[in-house]
Amino acid sequence: MKKLSLSLLTALVIASGAKQSLAQNSFRGFISGGDEHSISLLCDGTVWTWGKGTDGQLGNNTIGLGAGSLVPVQVRGIGNIGFLTNITQVAAGRNHCLALRCDGAVLSWGDNDASWQLGDGTYLDRATPVLVTLPAPAIAIAAGGGDGSGSGSPIGHSAALLNDGSVWT
C-alpha cells in the first residue's frame, strides 16, 4: 500500500468525476481503508465512501453483487433518512464501517458475520447505519478485519473506547 498525500487524494476525487464540492471541502483528517472500500470524513461532519459495496459497507442503501462505486458517495442516515452528520471520527473494517457522532453515539454498517462486528445484536448485514448498543458514550473507535494469517478469513472486528475508560469490542 502506498501513502497518498491529501492533494493527490483530492486530485483523484476530482479526476474520478465526483462532485467538485467533495474535493473543495476541508478534509478533517480521518480516512480509512477496508478490504476493498474506503471511508473519509469531511470537516462539515459528513461521511463519504467508495469502492466495493457487496456487504453494504458503502452505507448508501445498496447491497449485493454489483453494489459499489468508483466515486465517493455520501453515507445515508439511520433508517436511510437523510445523511450522516455531526460525525467526528470514522473507521473501516474488512467489510464494514464505523462512525463516531459528536454526542458519543457509535454507528455501524456493512458486513455483520459471525463476529457481530456491527454491535446491533444481529447477524444482519446493514446497507445504512445502525446504532451500536453501548452502555456509555464513546470517545474513540477502531475497526479491522482478517485474522492476520493471510487465509482470507472473513472475520471483522470493532472497538470503542468509552468515556468511562472502558473498551468494548
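Mentor: Let's start with a term: a residue is buried under 20% relative accessible area, exposed over 50%, and partly exposed in between (1.4 Å probe, protein chains only). This is a predicted model, where local features need pLDDT of at least 70 and side-chain atom pairs count only at pLDDT 80 or more, while totals for chains, interfaces and linings use all residues. Residues are numbered from 1 along each chain as its sequence is written, and side-chain values use heavy atoms, with hydrogens and water left out.

Trainee: So is aspartate 103 buried, partly exposed or exposed?

Mentor: Aspartate 103 has 45% relative accessibility, so it counts as partly exposed. Its salt-bridge partner is arginine 101, at 3.1 Å from N to O. Arginine 101 is partly exposed too, with a relative accessible area of 24%.

Trainee: How many salt bridges are there by the rule?

Mentor: A salt bridge is a side-chain nitrogen of Lys or Arg within 4 Å of a carboxyl oxygen of Asp or Glu. By that rule, the count here is 4.

Trainee: Which parts of the chain does the pair of lysine 52 and glutamate 36 tie together?

Mentor: In this salt bridge the closest N and O atoms are 3.3 Å apart. Lysine 52 lies in strand 3 (residues 47-52) and glutamate 36 in the loop between strand 1 and strand 2, so the pair joins parts 16 residues apart in sequence. Strands (E, at least two residues) and helices (H or I, at least four) are DSSP runs, numbered from the N terminus.

Trainee: And how many helices and strands does the chain have?

Mentor: It has 2 helices and 11 strands.
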